[in-house]
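Here are my notes on the model, as numbered points. Have the coordinates open while you read.

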Amino acid sequence: MCGTLEVVTPAPLLEGRGLFRGADKPRLAATATLQMARAKTYGFLVGGDLIVVMGFWPLADGREEVFLLGRPACEVGPHMPLLARRARLILARRLQCGVVGFVGLVRIGHAPGSRLARIAGFAKAGEAGGFELWER
């Protein structure tokens, strides 16, 4: 997969749903689809192919929960430096729009997710229910 990294908003819903790894679990897939449909989303495309969806779900305290869906690391990895820079710019822009902070959940032991959270400027705030809690 080669080409330049393009960012579109909203992310294409049907293609984004295809990135959800729990698609074999209908209830989880339906929940993920609903979340993507109602959230503010950004799609990262390379050569016209969607490789990552970054979404923001509003929380009651003024923060937003950040969620990511992506292709396997071997496909996303070559684009990670530019993807991380663009993600940081999007986070900064969301803060300018009145969001007071961000929360992210990463499955415990999912090294790529923890690494991406650190790269994006999040700090680990604890663990609960099989997830690491990251805040920015």
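1. Which element supplies the largest share of the lining of the largest pocket? That is β4, with six residues. Before going further, a word on the ground rules: this is a predicted model, in which local features need pLDDT of at least 70 and side-chain atom pairs count only at pLDDT 80 or more, while totals for chains, interfaces and linings use all residues. Numbering runs from 1 along each chain as its sequence is written, and side-chain values use heavy atoms, with hydrogens and water left out.

2. Back to the pocket. Its volume is about 1400 Å³ (the space filled by probe spheres set on grid points that are joined across faces, edges and corners). A pocket here is an open set of points on a 1 Å grid over the protein atoms alone, where a 1.4 Å probe fits, with protein on both sides within 12 Å along at least five of seven lines; lining residues have an atom within 4 Å of a point.

3. The lining of the largest pocket counts 41 residues, and L68, L69, L105, R107 and H110 lie nearest its centre. At least two lining residues come from each of α2 (26–38), β3, β4, α3 (73–76), α4, β5, α5 and β7 (DSSP runs numbered from the N terminus: helices are H or I with at least four residues, strands E with at least two). By type, the lining has 27 nonpolar, eight polar and six charged residues, where Ala, Val, Leu, Ile, Met, Phe, Trp, Tyr, Cys and Pro count as nonpolar, Asp, Glu, Lys and Arg as charged, and the others, Gly among them, as polar.

4. Now look at α5 (residues 111–119), where G113, S114, L116 and A117 are buried (buried is under 20% relative accessible area, exposed over 50%, partly exposed in between, with a 1.4 Å probe and protein chains only). Down the axis of α5 these buried residues fall within an arc of 165°, so they line one face of the helix; the arc is that of the directions from the helix axis to the C-beta atoms. A111 and R118 are exposed, on the face turned away from the buried side.

5. What do the buried residues of α5 pack against? Their partners are β4, α4 (80–96), β5 (102–107) and β7. Just after α5, G121 has a positive phi of about 90°.

6. R94 is worth a click. It sits in helix α4 and is buried, at 13% relative accessible area. Beyond its neighbours within four places in sequence, R94 is in contact (heavy atoms within 4.5 Å) with K40, Y42, F56, E64, V99 and F102.

7. On charges: there are six salt bridges, each a side-chain nitrogen of Lys or Arg within 4 Å of a carboxyl oxygen of Asp or Glu. D61, R63 and E135 are linked in a network of them. R63 meets D61 at 2.8 Å, N to O, and E135 at 3.1 Å. R63 is partly exposed at 25%, as are D61 at 44% and E135 at 31%.

8. Another salt bridge joins E127 and K124, with the closest N and O atoms 2.9 Å apart. Here E127 is exposed at 51%, and K124 is partly exposed at 44%.
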